[in-house]
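Have the sequence and the 3D view open as you read.

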Amino acid sequence: DRRFAVCEDGAKLEELEEVSARKIYHVLFVDDHFTWWVMGRSYLCSLIDMLHMGYVDEVIVGREVLTRIPEIAQKWKRQFDELAKSTKEQIISSDVSVTEQDAE
């Protein structure tokens, strides 16, 4: 069942975050009206439980995907650019250290 799979994914992501020392943003897209809204409240409660357990950072429902994905993508790009800049600075810094050691 999908609810279990999301919880399992969330647990794996927690472990990956710990190992990589980076925050991993886990988004759940809900696009099946029948499953999530018609079949019963237990599914809706599962969404809330996953949020509370920290297995999902955000749940995006239906048409909200049209406006929310571009916002999230912009955030990812900013984070990537910041990471790339800091990584580049670290590489340059380590190259300078190696060059200074070679000079001695």
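In which helix is the place of Val65? Val65 sits in helix H4, which covers residues 64-103. Helices here are DSSP runs of H or I with at least four residues, strands are runs of E with at least two, and both are numbered from the N terminus.

Before going on, a word on where this comes from. You're looking at a predicted model, where local features need pLDDT of at least 70, side-chain atom pairs count only at pLDDT 80 or more, and totals for chains, interfaces and linings use all residues. Residues are numbered from 1 along each chain as its sequence is written, and side-chain values use heavy atoms, with hydrogens and water left out.

Val65 counts as partly exposed because its relative accessibility is 26%; buried means under 20% relative accessible area, exposed means over 50%, and partly exposed is in between (1.4 Å probe, protein chains only). Leaving aside residues up to four places away in sequence, Val65 touches Phe29, Ile60 and Pro70, where a contact means heavy atoms within 4.5 Å. Glu64 is in helix H4 too, and Glu64 counts as partly exposed because its relative accessibility is 35%.

| C-alpha pair | Apart along the chain | C-alpha separation |
|---|---|---|
| Val65 and Asp31 | 34 residues | 9.1 Å |
| Glu64 and Asp31 | 33 residues | 10.0 Å |

**The whole chain**

Now zoom out. The chain has 4 helices and 2 strands, and from the N terminus on they run α-β-α-α-β-α. Of its 104 residues, 19% count as buried. Among contacts with a separation of 6 or more, 60% join residues 24 or more positions apart.

**The core**

Which residues make up the largest nonpolar core? The 8 residues are Leu28, Val30, Trp36, Tyr43, Leu47, Met50, Val56 and Val59. Strand S1 (27-30) and helix H3 (41-53) each bring at least two residues to this core, and H3 gives the most, with 3. A nonpolar core is a set of buried Ala, Val, Leu, Ile, Met, Phe, Trp, Tyr and Cys residues joined through side-chain atoms within 4.5 Å.

**A loop residue**

Ala21 lies in the loop between helix H1 (2-20) and S1. Is Ala21 buried or exposed? Ala21 is exposed, because its relative accessible area is 70%. Its phi is near 60°, a positive value in a residue other than glycine.
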